[in-house]
Amino acid sequence: MKNHTTPQYLNDLIPEQTQPRYNLRNTSDIPLIHCRTQLYTNSYLPSTIREWNRLPENHRNAPSVTAFKARVNQNATKSSPLYNVGSREGQILHTRLRLSCSSLNLDLYRRSIVDTHNCTCGAVESVSHFLLYCTNFDIHRQRYLANLPCPPIADNLLNGNERLTFEQNKYIFLQDSKIYTINQTFLIFRYAQYC
Ligand SMILES: [Zn+2]
């Protein structure tokens with residue numbers, strides 16, 4: 001939008017830069033949009049303009065979208081190869097749990113999709129509750145998480161344990177994704193209902 005590679009009606013949404021009276025360091029910044037509510041402050045355009053203004057000049061002046069992406073991603077850390085372990089379905093559910101955008105009630109409640117963050121068992125349905133404590137899944141837990149090479153805490157299940165070898169972590173992730181796969185009917189039902 002800033003570099004006019006999108007339709008004009010989108011380009012027009014970007015506030016116009018005025019010529020500064022003095023030679024300031026941030027003369028190439030896009031003027032911030034005045035927001036009265038937090039909701040609007042966090043919406044796409046105001047938040048993206050703030051992010052854009054934080055970028056180095058070299059990134060902002062990239063000649064193409066491809067060059068821009070390459071410059072932005074040049075220092076990005078690569079995601080753990082563990083996230084590619086297991087079935088595609090398990091990877092997707094795993095990622096959603098890891099990024100707090102799952103169909104568990106606490107995540108849905110935070111997104112104002114449901115009225116309660118409670119599980120059917122009465123406790124708050126957080127990721128750690130679902131993986132470690134919910135009585136609805138005691139049988140799956142005993143079967144798949146009883147013999148892990150590290151304590152079955154949520155961080156180990158979602159991100160692996162740096163003290164373990166890749167193969168040991170892979171084992172954890174495979175056991176882990178089995179729980180997701182077994183419970184996928186439950187999860188998919190939730191997604192179908194709310195998304
Ligand atoms: Zn529960």
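Okay, one definition before anything else: when I say buried, I mean that a residue has 20 or more other C-beta atoms within 10 Å of its own. Hold on to that, and look at helix 6, residues 88-98. Leu93, His94 and Leu97 are the buried ones there. They span an arc of only 100 degrees around the axis, so they sit on the same side of helix 6. And just after that helix, serine 100 has a positive phi, about 55 degrees.

The mean pLDDT for the protein is 81, and 88% of the residues score at least 70. Element by element, helix 7, residues 105-110, has the highest mean, at 90, while helix 12, residues 184-194, has the lowest, at 60. As a reminder, where pLDDT is low, the predicted coordinates should not be read in detail.

Now the overall layout. Of the 195 residues, 16% count as buried. As for contacts with a separation of 6 or more, 40% of them join residues 24 or more positions apart.

So which residues have the most contacts inside the largest nonpolar core? They're Leu104, Phe130, Leu131, Leu157 and Ile179, and the core has 17 residues. Helix 6, helix 7, helix 8, helix 10 and helix 11 each give two or more residues to this core. Helix 11, residues 166-182, makes the largest contribution, with 4 residues. In general, nonpolar side chains in soluble globular proteins tend to be buried together.

Leaving out residues up to four places away in sequence, phenylalanine 130 touches Leu104 and Glu125. Leu104 is itself on that list of residues with the most contacts inside the core.

Last stop, asparagine 147. You'll find it in the loop between helix 9, residues 138-144, and helix 10, residues 154-159. Is asparagine 147 buried or exposed? It's exposed, because there are 9 other C-beta atoms within 10 Å, and the cut-off for exposed is 12 or fewer. In space, asparagine 147 is 9.3 Å from isoleucine 172, C-alpha to C-alpha, with the two 25 residues apart in sequence.

That's my tour, over to you.

Methods. Residues are numbered from 1 along each chain as its sequence is written. This is a predicted model: local features need pLDDT of at least 70, side-chain atom pairs count only at pLDDT 80 or more; totals for chains, interfaces and linings use all residues. pLDDT is the predictor's confidence in each residue, from 0 to 100. Two residues are in contact if their C-beta atoms, placed from the backbone, lie within 7 Å. The arc is that of the directions from the helix axis to the C-beta atoms. A nonpolar core is a set of buried Ala, Val, Leu, Ile, Met, Phe, Trp, Tyr and Cys residues joined through C-beta atoms within 7 Å.
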